[in-house]
Amino acid sequence: MAKKTIADVEVAGQTVLIRVDFNVPLDEQGNITDDRRIRMTLPTLTSVLDRGGKLILMSHLGRPTGADSDAFQFTLQAIANRLGELLDREVVFATDTVGTDAQSKVTSLQPGGILLLENLRLNPGEKKGDSDFSQALANMADIYCNDAFGSCAKPDASLFGVPKAMGNRPKVTGFLLAKEIAYLTDTISNPDRPFVAILGGAKVSDKITVIENLLDQCDKVLIGGAMAYTFALASGGTIGKSLVEPDKVDLAQKLMARGKDTLVLPVDTHCGDNFHSDCRKQIVNAGEIPANFEGLDIGPQTAAHFAEIVATAKTVVWNGPMGVFEMPPFDHGTQTVAQAIANSSATSIIGGGDSAAAIQQFGFADQVSHVSTGGGASLALLEGKAFETVAVLDDV
Ligand code: AMP
């Protein structure tokens with residue numbers, strides 16, 4: 001069921017409490033080194049401000065343990081400053097979340113005003129999903145909005161307890177979260193066909209449930225990355241000193257039997273005699289890797305074949321690199337797949353984490369339909385999971 005977005009509610013004169021993900025990287029002086037997560041929330045924020053709403057923003061930052069609460073890595077002060085610059089408006093900063101400073105600043109908030117609360121995780125109630133903490137946050141607002149996709153797998157107070165505590169008051173998604181759900185849930189559950197998934201990365205064990213779920217839904221599931229060597233071993237091949245999970249060989253055999261018309265495995269491998277760009281290199285048939293070599297990328301024949309399959313697709317989902325894309329020339333397979341997705345007119349969804357980094361590194365991010373902002377959260381949706389933090393929001 002589709003969820004109401006911030007555009008569906010009347011916000012003029014109302015106080016809107018938005019859970020954002022401002023968990024940005026900081027350098028050793030506490031300067032923000034990448035403000036993408038802040039910039040991506042701007043459409044949601046300006047939608048409220050332009051319609052005369054009052055904004056209260058809340059986020060976590062890092063993982064404070066309690067003893068280190070005063071450390072500069074855990075305050076959102078620098079983020080308040082950066083947000084003010086990006087919006088060209090004053091952003092008021094509260095030095096606590098539900099304490100006297102926040103309460104007095106909430107009371108004096110005017111339409112078009114913005115208040116950013118201090119790091120949610122400085123209050124132990126956040127990770128515990130504490131009901132008093134949730135209620136205190138909910139009491140500040142007329143409307144709750146979740147625009148923190150990367151955090152949605154965690155039922156923390158600000159993500160689950162607060163919308164619950166809102167009772168009958170509106171609880172909606174921001175535009176960023178709405179887009180993630182539209183692609184990673186709606187498109188995938190009702191895809192234009194052929195529907196092709198490309199899965200790679202280091203380990204089969206991280207993606208078993210994703211492979212199982214997508215095998216049921218896709219026309220083709222292409223496997224690359226180091227996880228292909230577990231399948232090669234399961235097919236009776238030799239894999240030299242490649243990364244492998246011997247305890248997952250049985251499972252790989254079951255997946256191959258189940259996906260005999262769907263699963264597409266590499267036919268060749270680019271391998272090296274050590275984990276370096278300047279190692280001795282060879283291209284060999286899949287499952288014929290010499291004893292002193294390790295597979296570091298899919299081979300050129302596999303890359304070309306994967307690109308041909310992608311060219312026929314109407315919907316493509318990609319999660320996980322095809323090889324060690326950080327280390328040329330073993331970026332070739334990942335780059336070929338990224339290029340094929342960029343060239344295709346299919347609806348294309350890049351499932352966060354390393355594949356999102358790769359598509360950006362190769363300069364194709366603008367040529368795909370959606371690059372997910374959440375690594376773990378996007379994997380969870382590809383596994384077919386639903387988030388209770390989203391289920392709790394209002395249906396259209
Ligand atoms: P994951 O987090 O499971 O998506 O794995 C991503 C990592 O897998 C990247 O850092 C890649 O360098 C690495 N990777 C992909 N293919 C290989 C390979 N053939 N051998 C070793 N590492 C690989």
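Let's begin inside the protein, where Asp21, Arg37, Met40, Thr41, Asp147, Ala148, Phe149, Gly150, Leu176 and Thr373 line the largest cavity. A cavity here is a set of points on a 1 Å grid over the protein atoms alone where a 1.4 Å probe fits but cannot get out, and lining residues have an atom within 4 Å of a point. The model is predicted, so local features need pLDDT of at least 70 and side-chain atom pairs count only at pLDDT 80 or more, while totals for chains, interfaces and linings use all residues. Residues are numbered from 1 along each chain as its sequence is written, and side-chain values use heavy atoms, with hydrogens and water left out.

The volume of this largest cavity is about 100 Å³, counted as the space filled by probe spheres set on the grid points. A search of the whole structure turns up one cavity of 30 Å³ or more.

Now step back to the domains. An automatic or database assignment divides the protein into domain 1 (6–176) and domain 2 (183–382). Their contact (heavy atoms within 4.5 Å) takes four residues from domain 1 and eight residues from domain 2. Together the two domains bury about 520 Å², with 69% of it on carbon and sulfur atoms; this is the accessible area (1.4 Å probe) lost by the two parts on being put together, summed over both. On the domain 1 side, Arg36, Phe149 and Gly150 lose the most area to domain 2, together 71% of what that side buries. Phe149 and Gly150 also belong to the cavity lining.

Finally, the cysteines. Searching the whole structure gives zero disulfides, meaning pairs of cysteine sulfur atoms within 2.5 Å. For Cys152, the closest cysteine sulfur is in Cys145, 11 Å away and too far for a bond.

Note on methods. On a 1 Å grid over the protein atoms alone, a cavity is a set of points where a 1.4 Å probe fits but cannot get out, and a pocket is an open set with protein on both sides within 12 Å along at least five of seven lines; lining residues have an atom within 4 Å of a point.
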